[in-house]
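Hi,

Here is the structure I wanted to pass on to you.

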Amino acid sequence: MDRAAVADLQKFVMLLKSDASIWYLPELSFFKDYVESLGGKIPAMPEKPADAAPEAPVSGEQPKEAQPVEQESAEPEPMEEEEEEEEELDEMEGINDPEVLETPDDDPPPPMGDPTREPSESEMEKMSELRQQAQELAGSGDLEGSLAAWNQVVEIKPSALVYARRADVFLKMKKPNAAIRDCTAALEINPDSAKALKIRGKAHRYLGNWEESAHDLSEGQRIDFDEDTLEVQKVVDEIWHKIRERRLHNEAIRRNRADRLEAKAREEKLAARRKAAAEAAAREAEEEAAKASAGAGAENFANGANFPPEVAEKLKDPAVKAKLATMMNEMKNNPMAAMQYMNDPELGPILQSFVGGMGGMGGMGGMG
């Protein structure tokens, strides 16, 4: 038989003696069956290391009992059962004011004039006549004629009162957008114009702008109270109160929903961290167990062979023992891993001495 093949066979036998688990590798089942068919006795499968493997025993000491590794549960804590969420309310359900316009005005803006312009004396006289004319026409029901007169007044010299009076004509013509535009211009000149506030509040009602309507009417009545506006204000306040209550209800539901989603996201994030920590702890425990098992195997290897004094002396070196333990650990997944250490300056002589002395050793202590 070829000497190289014999040498390889010797090395393989050495591996079988050093680690009984090699017998149970799937790829060597044919060889195990063959040995058993010849009446050979296969060593028992070594027990798997516990979660926390024992430290390699020092010669003369009893092995320490493995301590269980505590791991944080990867399962998320059960969340409290979610309460059934209330449904949001339709803010406008049951709100039906016949004064709200289906198709509001969208006419081009009328002339707005220049409040800073200084008219001549003749223009002032004309403006006075136009103002009187505009009021008389409005009183007689000629709103178009009144509007035309107010437009001329605005072009000569607009003021907060002029804007508000033209806005009143727009309101009577059911043109709320134009009325709001004039009232806003009036309030820019005089923020305390009660007339402009009341007219704008009524105009907002035509548009269904209940919050704006309630605000303007309240401010206008605060500055200059009148009974006619009070009737409109009561209607607007009642509607706005209903809408506001429903809006607050819906906002509370949305806040609660957002809080629940945020809490759920925190729980999921925490559960993911716990799971990752548990998996990391398990991997670390497995690595420590493998190292401890390999260390024990290395110790048994050193104690179970009759090495020459110089080799035995090398095996006392902790660094050599650590490297030997690494080799043993690699052999669990790859029984031929020892071959790459044959030329190692520290392990090579030990392995070669072991292989060379196998013929006269008469057997070697197991490593399991």
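**Helix packing**

Helix 6 passes helix 7 in a left-handed crossing (left-handed if the near helix is turned anticlockwise from the far one by less than a right angle, right-handed if clockwise). Helices here are DSSP runs of H or I with at least four residues, strands are E runs of at least two, and both are numbered from the N terminus. Before you go further: this is a predicted model, where local features need pLDDT of at least 70 and side-chain atom pairs count only at pLDDT 80 or more, while totals for chains, interfaces and linings use all residues. Residues are numbered from 1 along each chain as its sequence is written, and side-chain values use heavy atoms, with hydrogens and water left out.

Back to that pair. The axes of helix 6 and helix 7 come within 9 Å and cross at roughly 150° (axes are lines fitted to C-alpha atoms, for helices over the stretch in contact, with angles from 0 to 180 degrees between N-to-C directions). On the helix 6 side the contact includes Pro-176, Ala-179, Ile-180 and Cys-183, and on the helix 7 side Ala-196, Leu-197, Ile-199 and Arg-200 are among the partners; contact means heavy atoms within 4.5 Å. The residues involved are twelve nonpolar, three polar and one charged (Ala, Val, Leu, Ile, Met, Phe, Trp, Tyr, Cys and Pro are nonpolar, Asp, Glu, Lys and Arg charged, and the others, Gly among them, polar).

Helix 5 also passes helix 6 in a left-handed crossing. Here the axes come within 8 Å and cross at roughly 165°, which makes helix 5 roughly antiparallel to helix 6.

**Cores**

The largest nonpolar core has 31 residues, and those with the most contacts inside it are Trp-150, Val-153, Val-169, Leu-171, Ala-179 and Ala-196. Such a core is a set of buried Ala, Val, Leu, Ile, Met, Phe, Trp, Tyr and Cys residues joined through side-chain atoms within 4.5 Å; buried means under 20% relative accessible area, exposed over 50%, and partly exposed in between, with a 1.4 Å probe and protein chains only. Helices 3 (121-139), 4 (143-156), 5 (160-172), 6 (176-189) and 7 (194-207) each give two or more residues to it, and helix 5 has the largest share, eight residues. Beyond its neighbours within four places in sequence, Val-169 touches Leu-143, Ser-146, Leu-147 and Trp-150. A second, separate core of 25 residues includes Phe-12, Leu-16, Leu-324 and Met-342.

**Two lysines and the whole chain**

Which lysine has a positive phi although it is not a glycine? That is Lys-174, at about 60°, in the loop between helix 5 and helix 6. Lys-174 counts as partly exposed, at 38% relative accessibility. Lys-198, in helix 7, is buried, with a relative accessible area of 7%.

Overall, the chain has 13 helices and zero strands, and 34% of its 368 residues count as buried.

Cheers

Definitions and conventions: Angles under 35 degrees count as roughly parallel, over 145 as roughly antiparallel, 65 to 115 as roughly perpendicular and the rest as oblique.
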